[in-house]
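Thanks, everyone. Please have a look at it first.

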Amino acid sequence: MYSDMIHKIEKAKRYAQEPDRVTIEQLQVRFRGGNEHVVVIKNDHWSCDCHFFHDWQTCSHVMALQRLLAPMLSHTSETSSHVEVAEESVLLTLT
Ligand SMILES: [Zn+2]
């Protein structure tokens, strides 16, 4: 009995070291920044209830989560082309 549980715990520790085993298909996150925002990923589509996302279809909350969760996101949801374009535009603006 206990050896079964010990085996499962050891397996869980190994799995936790290998985030690429997991693909997030659906997730809702409460993001605490200056204000609280709810970020959702569903079927590779991101959404956030902040005003910036409404205008740009991406925001700092989504981009932060894309970085945090990158090993566990499908390639499509990892970074949409729109996000890459938005980041390039920002970098060009800053340089
Ligand atoms: Zn946002």
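Start with β1 and β2, which run antiparallel and are joined by seven bridges. Bear in mind throughout that this is a predicted model. Three residues sit between β1 and β2 in the hairpin that they form.

On to the next pairing. β2 and β3 are also antiparallel, over four bridges. Their hairpin has two residues between the strands, and Asn43 takes a positive phi near 50° there. Across this pairing, Val39 has Cys48 of β3 as its bridge partner, and Ile41 stands opposite Trp46 in β3. So much for the pairs.

Put together, the three strands make an open sheet in the order β1-β2-β3, with antiparallel pairing. β1, residues 26–32, and β3 are the edge strands, each pairing on one side only. From one strand to the next the twist averages 15°. Packed on this sheet is α3, which touches β1, β2 and β3, and its direction makes about 55° with that of β2.

Which residues of β2 lie on its covered face, and which on its uncovered one? The covered face has His37, Val39 and Ile41, while Glu36, Val38, Val40 and Lys42 are on the uncovered face.

In soluble globular proteins, nonpolar side chains tend to be buried together. Here the largest nonpolar core has eight residues: Val39, Ile41, Trp46, Cys48, Cys50, Cys59, Val62 and Leu65. β2 (36–42), β3 (45–48) and α3 (60–68) are the elements that give two or more residues to this core. Cys50, one of the core residues, touches His37, Cys59 and His61, leaving aside residues up to four places away in sequence.

Now the chain as a whole. There are five helices and three strands, and from the N terminus on the elements run α-β-β-β-α-α-α-α. Buried residues are 14% of the 95 in the chain. Of the contacts with a separation of 6 or more, 39% are between residues 24 or more positions apart.

Last, helix α1. It covers residues 2–16, 15 residues in total, and reaches 21 Å from its first C-alpha to its last, close to the 21 Å expected at 1.5 Å a residue. Why does α1 lie largely in the open? Because the number of buried residues among its 15 is zero.

Conventions. Residues are numbered from 1 along each chain as its sequence is written. This is a predicted model: local features need pLDDT of at least 70, side-chain atom pairs count only at pLDDT 80 or more; totals for chains, interfaces and linings use all residues. A nonpolar core is a set of buried Ala, Val, Leu, Ile, Met, Phe, Trp, Tyr and Cys residues joined through C-beta atoms within 7 Å. A residue is buried if 20 or more other C-beta atoms lie within 10 Å of its own, exposed if 12 or fewer, and partly exposed in between; C-beta atoms are placed from the backbone. Two residues are in contact if their C-beta atoms, placed from the backbone, lie within 7 Å. The expected span of a helix is 1.5 Å times one less than its number of residues. Two strands pair if DSSP finds at least two bridges between them. Axes are lines fitted to C-alpha atoms, for helices over the stretch in contact, and angles run from 0 to 180 degrees between N-to-C directions.
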